[in-house]
Amino acid sequence: MTGSLDPATWDNRRTSFGSVAAEYAALRPGYPADAVAFVLGERPRRVLDLGAGTGLLAESLVAAGHEVVAVDPSAQMLAQLSVRLPHVRTAVGAAEALPLPDGDVDAVVAGQAAHWFDPPSASREIRRVLRPGGVLGLIWNSRDEQVPWVGALGALLAAEARGHEADQTVVAAFERELPAERSCLDSGIVQTVTPEQVVGGIGTRSYVATMAPADRERFLGRIRDLLATHPQTRGRVVLELPYRTAAHRLLPR
């Protein structure tokens, strides 16, 4: 879904992650176990991790005992996943043309990815690969901006992040297109990071990864300045960066 972005900018951002794959793997947060359990239940399933990236969600899926197939448009991102999870099967592919046979998986999940999918065509493909009684799980982490320094960071990012940040309105589109019954869980996770790791993590955002190098450095410099001067972060060598996690479970009718 392009949101407020023109199609060319949207596609450029959607395909930008391979250029920052190693940093993404090292600096993005994982996902809470209760979000995975809410979407998939307790018994082991065969799960397609769609838009799997570097394996941050796949790691939680494997830890919960599920068999995982990881699909992502970026071979560079999947290479990082294979370092993290060498026994997970990977395939390059898109939500709109899944490289899986019919009825291959019990569940399809997407962490921090579904806002890059086209709901009508992706819904057809998801229905095709799901077994009867299957489930679609869409999960996002978003910074908890009720914490003052995180709110200040969000305000600094807002102008550049427009049309990007965790656009969960796509969930309603999947609910309609499948169609499906939806339920939700609110959870959270805290990432322990250095100030420079906060800067590096912002650098893996698509709207930053696609900037011209000089613009990117100026933008990241403003983040460094904020962290060096904000009362909650000034002088600190380790920060706790809180995220709110939204897990949406869709059961196709």
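**Reading the sheet and its neighbours**

Tutor: Welcome! In this predicted model, seven strands make up an open sheet of mixed pairing, ordered β3-β2-β1-β4-β5-β7-β6.

Student: What holds strands of a sheet together?

Tutor: Strands pair through backbone hydrogen bonds, and they do so either parallel or antiparallel. Here, β2 (residues 67-72) and β3 run parallel, joined by four bridges. In one of them, D72 has V92 of β3 as its bridge partner.

Student: Which are the edge strands?

Tutor: Look for strands that pair on one side only: these are β3 (89-92) and β6 (180-193).

Student: Which strands does helix α3 lie across?

Tutor: Helix α3 (residues 33-40) lies across β1, β4, β5, β6 and β7, and runs at about 0 degrees to β7. Helix α6 (residues 119-129) also packs on the sheet, where it touches β1, β4, β5 and β7. The direction of α6 makes about 130 degrees with that of β5.

Student: Is F174 buried or exposed?

Tutor: F174 is buried, because its relative accessible area is 1%, under the 20% cut-off. F117 is buried too, at 7%.

Student: Where does the charged end of R249 sit?

Tutor: Over the ring of F38, 4.2 Å from the ring's centre.

Conventions: Residues numbered from 1 in each chain as written. Predicted model: local features only at pLDDT ≥ 70, side-chain atom pairs only at ≥ 80, totals over all residues. Heavy atoms only, no water. Pairing = 2+ DSSP bridges. Helix = DSSP H or I, 4+ residues; strand = E, 2+ residues; numbered from the N terminus. Contact = heavy atoms within 4.5 Å. Axes fitted to C-alpha atoms, helices over the stretch in contact; angles between N-to-C directions. Buried < 20%, exposed > 50% of the residue type's maximum accessible area, 1.4 Å probe, protein only. Lys NZ or Arg CZ within 6 Å of the ring centre and 35° of its normal.
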